[in-house]
Amino acid sequence: GLLAHVFDECIVIDDRQLDLHGCSTGSAILALRWWWTEIVPVVQASAGSCSFYVITGWGKHRPARRQTGILEVVRQELDTMHVPWSWHNPGCLLLTAGQAST
């Protein structure tokens with residue numbers, strides 16, 4: 001999906017930043033998994049230990065029908081993947097690791 005640009009409208013990806021504004025919770029998880037396993041290891045191989053950012057937004061514009069926000073599911077997924085994270089700001093998570101975990 002990402003390689004075919006299916007998610008072009010809901011995520012912006014560069015080497016160290018994943019912006020999940022506008023994604024559904026499901027597509028946010030898929031994008032996170034893809035980015036963490038395919039992009040982050042390449043960056044780490046060339047740069048070593050470095051910081052990465054996942055922008056989720058604060059959830060203020062979440063549709064009423066969506067019970068769980070992107071921030072919550074991304075935090076849960078990072079915990080499940082054993083990826084260390086901290087708060088950069090209320091709508092952005094900072095991921096710092098010497099090696100990407102899958």
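# Reading a predicted fold

Guide: Let us begin with N89, which counts as partly exposed because its relative accessibility is 34%; buried means under 20% relative accessible area, exposed over 50%, and partly exposed in between (1.4 Å probe, protein chains only). This is a predicted model, where local features need pLDDT of at least 70 and side-chain atom pairs count only at pLDDT 80 or more, while totals for chains, interfaces and linings use all residues. Residues are numbered from 1 along each chain as its sequence is written, and side-chain values use heavy atoms, leaving out hydrogens and water.

Visitor: Where does N89 lie?

Guide: N89 belongs to strand 4, residues 85-89. Helices (H or I, at least four residues) and strands (E, at least two) are DSSP runs, numbered from the N terminus. In space, the C-alpha of N89 is 9.5 Å from that of G57, although 32 residues separate N89 and G57 in sequence.

Visitor: In what order do the elements of the chain run from the N terminus?

Guide: The order is β-β-α-β-α-β-β, giving two helices and five strands. Of the 102 residues in the chain, 38% are buried.

Visitor: How do I read the packing of helix 1 and helix 2?

Guide: Look at the angle and the distance of the axes, which are lines fitted to C-alpha atoms, for helices over the stretch in contact, with angles from 0 to 180 degrees between N-to-C directions. Here helix 1 (residues 25-47) and helix 2 (residues 70-80) pack at about 35°, and their axes are 9 Å apart.

Visitor: Which residues make the contact?

Guide: Helix 1 brings T25, A28, I29, L32 and R33, and helix 2 brings I70, V73, V74, E77 and L78; contact means heavy atoms within 4.5 Å. Sorted by type, the residues of this contact are seven nonpolar, one polar and two charged. For that sorting, Ala, Val, Leu, Ile, Met, Phe, Trp, Tyr, Cys and Pro count as nonpolar, Asp, Glu, Lys and Arg as charged, and the others, Gly among them, as polar.

Visitor: Is E77 buried or exposed?

Guide: E77 counts as buried because its relative accessible area is 13%. Beyond its neighbours within four places in sequence, E77 is in contact with I29, L32 and R33.

Visitor: How is a pair of aromatic rings described?

Guide: By the distance of the centres and the angle of the planes. Rings of Phe, Tyr and Trp (its six-membered ring) pair if their centres lie within 6.5 Å; planes under 30 degrees apart count as stacked, over 60 as edge-to-face and the rest as tilted. The whole structure holds four aromatic pairs. In one of them, the rings of W35 and W36 are tilted, because their planes stand at 50°, with the centres 6.3 Å apart. W35 is buried at 0% relative accessibility, and W36 is buried at 1%. Together with F52, W35 and W36 form one aromatic cluster.

Visitor: How do the rings of W85 and W87 sit?

Guide: They are edge-to-face, 5.4 Å centre to centre and with 90° between the planes. Both tryptophans are partly exposed: W85 at 23% relative accessibility, and W87 with a relative accessible area of 45%.

Visitor: What is the phi of H82?

Guide: Phi is near 60° at H82, a positive value in a residue other than glycine. You will find H82 in the loop between helix 2 and strand 4, where H82 counts as exposed because its relative accessible area is 65%.
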